[in-house]
Amino acid sequence: MRSRRDHARFFGLPRDNFDWALFLTACALAVFGVVNLYSATSVSRAALSDIYIQQVYWLVLGGILAAVVAVIDYRHYERLGYVLYGIGNVLLVLVFILGKDIRGSSRWIQIGSFSFQPSEFMKLFMIIALAKYLHDDPRTEERSLKDLLIPAMLAAVPTLLILKQPDLGTALICALIFSTICMLTKIRWQSLVTLLVAGGIAVPLLWTYVFHDYQKQRIMVFLNPEANLLGSGWHAHHARVAIGAGGLSGEGFMRGTQNQFLFLPDQHSDFPFAVFAEDWGFLGCLLLVSLYAFLVLWAVRIAATAKDRFGSVLAIGVGALVFWHAFFNLGMVTGILPVVGVTLPLFSAGGSSVLTIMMGIGLLMNVSMRRFYVSPTRTTGLLSGP
């Protein structure tokens, strides 16, 4: 039998350090999300009428997984970093073989009545793999492009597989998570300039050889919103109308006309923020955005106080995951970015996305609870020097 000492070494759980700020912020977002889904689907067809109940089930399951992830000392995930990364890539390849095609994209693997989206979980697996690599690399001096070659390959493989599905939004999230982590590894300014120039050169190549016609059309609609209001521009246009209709304090719960009269498509997945803005207005939106901002800044704080580089990168990676999801979703709903089909964390309906975010919260809680626990085997965090 495992002794109490072995048990403590495995879990390493300092109970007095429970992060209530992180926990309450995540709970608030989840509760607001369920309430908003109830409003968003209150007048929808029967297939969506109970989607808020399904969301509760996913949140409960996600909460259980988050608790498990938080309880086990995060140093054990370091040993599994490349294993999880490999499993994630295998699942991404299986999407092309077993994938379920929805709206021209093959992103889901269906087993019986259950389906899941491997690209969602791959975000966390990629973060863990990158954290392991940077933890194993003890250097603290500025890095060149050559030094970033291996982590770039770790990010490029899943990003390209996801882009092939095609899923431009998720591929962008993976690339930006990698970029965010790299910005904290002290890149030489010459290398940074080279990356920016290479990115500028890559844009026309991506447009010509990678982007699909519907992706190009979304960008063209973004550049000229009035060109196709009854077609590709319908979603974004009515989302902006709903946000404007909310005014300062909103039209009231379940009283938003754009939602109630079914002018908002995908209001449960891609455009839940438009429903929330119409119901609760500018003041409600300010509260919601503040919660996301707090969650991201809290992740940065956790990274800054982590006791090793692995914990720092985990925290920054999860913070980047939440930030870029919120940034793209809010951006496309408000009209400052093209529509890319990125979910709003803990607000959009969806099993795989909810489980991924909840497990990410579990990782943050894990690092946060152990940041004050000093161990002679650990090095200091990525943000606090060598």
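Reader: How far apart along helix α6 are K132 and D136?

Author: K132 and D136 are four residues apart in helix α6 (residues 118–136), which means about one helical turn separates them. Helices here are DSSP runs of H or I with at least four residues, strands are runs of E with at least two, and both are numbered from the N terminus. The model is predicted, so local features need pLDDT of at least 70 and side-chain atom pairs count only at pLDDT 80 or more, while totals for chains, interfaces and linings use all residues. Residues are numbered from 1 along each chain as its sequence is written, and side-chain values use heavy atoms, with hydrogens and water left out.

Reader: What joins the side chains of K132 and D136?

Author: A salt bridge requires a side-chain nitrogen of Lys or Arg within 4 Å of a carboxyl oxygen of Asp or Glu. K132 and D136 meet this rule at 3.4 Å, N to O. The rule gives a count of five salt bridges.

Reader: Which parts does the salt bridge of D73 and R370 tie together?

Author: The side chains of D73 and R370 form a salt bridge at 3.8 Å, N to O. D73 lies in the loop between α3 and α4 (75–79) and R370 in helix α15 (residues 351–370), so the pair ties together parts 297 residues apart in sequence. D73 is buried at 0% relative accessible area, and R370 is buried at 0% too. A network of salt bridges links D73, R75 and R370.

Reader: Where do D167 and R107 lie?

Author: D167 and R107 form a salt bridge whose closest N and O atoms are 3.8 Å apart. D167 is in the loop between α7 (149–163) and α8 (168–183), and R107 is in strand β2 (residues 105–111), so this pair ties together parts 60 residues apart in sequence. Both D167 and R107 are buried.

Reader: What joins the side chains of D308 and Y74?

Author: A polar contact is a pair of N or O atoms within 3.5 Å; within protein, one must be able to donate a hydrogen and the other to accept it, and residues adjacent in sequence count only if both atoms are side-chain atoms. For D308 and Y74 the polar contact is 3.0 Å. D308 sits in the loop between α13 (272–305) and α14 (309–334), and is buried at 1% relative accessible area.

Reader: Which residues make the nonpolar surface patch?

Author: Patches use residues with over 30% relative accessible area and no salt bridge; like charges are joined within 9 Å and nonpolar side chains (Val, Leu, Ile, Met, Phe, Trp, Tyr) within 5 Å. The patch of about 540 Å² consists of I53, V56, Y57, V60, I64 and V68. Y57 lies in helix α3 (residues 51–71), and counts as exposed at 58%.

Reader: What does the UniProt annotation "transmembrane region" cover?

Author: UniProt positions are given in the numbering used here, feature names are shortened, and annotations may be inferred rather than shown by experiment. The unreviewed UniProt entry applies the annotation to several spans, including 51–72 and 168–185. Residues 51–72 are 95% helix and 0% strand, with end C-alpha atoms 32 Å apart.

Notes:
Accessible areas come from the Shrake-Rupley method with a 1.4 Å probe; for residues, only the protein chains shown count as cover. Buried means under 20% relative accessible area, exposed over 50%, partly exposed in between (1.4 Å probe, protein chains only).
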